[in-house]
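Here is a friendly look at the aromatic ring pairs of one protein model. Have the structure open as you read.

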Amino acid sequence: MNKAFVKESDGDDDEEAVALALAIPPGSKNYIRPEGYQRIKDELLQLIDVDRPEVVRIVHWAASNGDRSENGDYIYGKKRLREIDRRIRFLTKRLDSAAIVDPSVHHGSDQIFFGATVTYSDQHGQERTITIVGIDELDPLNGKISWVAPVARALTKAREGDVITFQAPHGVDELEILSVSYPAPH
C-alpha cells in the first residue's frame, strides 16, 4: 500500500492541541498547584528518560530484522514513538505555559481563591466538597474541579457563610458556603 494512504499526522492538530486551545480561556494563564506541576514534570521525564529510549531500542532491533512492511514490532514501535513524541510536545507546552500558584499563601483565609477546598450545600441541602485546581489537575470524581468550571468561577472571591447564586444546567441554584480551607504552608 502506498505510504500516502497510511501516513498518520504527527502535527499539532491532534486532539490534545485542540483541548489545550479550548481549556484555557483566551488571555488567561495556565494556573497550576506545585504538586500538579511536579506530576506533569515527572510524567515528562519518565517519557523522555525511560519510555522513549526503550521504544527506540525495540524499533532499532525490529528494523534490523529485515522486511519492515510486515514487521509488527517495527510498525507498532513507530506508532508508539509518535504517540510518545506527541505527548512530550503537549506536556512541554503545558509546563511552559504554567503559572504555579501555591494555595498555602491563603492558609487561614475564609475567602475562596485558586487552590481552596470548599464545602457548600445547594438549595436541596446536598453538601459537596470540592478543591479548585488547575486544568491539568482536573479530577471531578475526587472533587477536584478546574478553576474555569462555572461553579468554581461562581464561588471565587466569596467567603465562608456567603450564599451565592449559580447558573446550573438545570436552572439557577443557590449555594451556601459552609467552609473554606487551604493547605498549611510548608
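## Aromatic pairs

Two aromatic pairs turn up, where rings of Phe, Tyr and Trp (its six-membered ring) pair if their centres lie within 6.5 Å; planes under 30 degrees apart count as stacked, over 60 as edge-to-face and the rest as tilted. This is a predicted model, in which local features need pLDDT of at least 70, side-chain atom pairs count only at pLDDT 80 or more, and totals for chains, interfaces and linings use all residues. Residues are numbered from 1 along each chain as its sequence is written, and side-chain values use heavy atoms, with hydrogens and water left out.

## Tyr 31 and Phe 114

The ring centres of Tyr 31 and Phe 114 are 6.1 Å apart with planes at 45°, so this pair is tilted. Tyr 31 sits in strand S1 (residues 30–32), while Phe 114 belongs to the loop between strand S2 (98–100) and strand S3 (117–121), so the pair ties together parts 83 residues apart in sequence. Strands (E, at least two residues) and helices (H or I, at least four) are DSSP runs, numbered from the N terminus.

Phe 114 is buried at 13% relative accessible area, whereas Tyr 31 is partly exposed at 29%. Buried means under 20%, exposed over 50%, and partly exposed in between (1.4 Å probe, protein chains only).

## Tyr 31 and Trp 147

With centres 5.1 Å apart and planes at 75°, the rings of Tyr 31 and Trp 147 form an edge-to-face pair. Trp 147 lies in the loop between strand S5 (144–146) and helix H4 (150–155), 116 residues from Tyr 31. Trp 147 is buried, at 13%.

Together, ring pairs join Tyr 31, Phe 114 and Trp 147 into a cluster.
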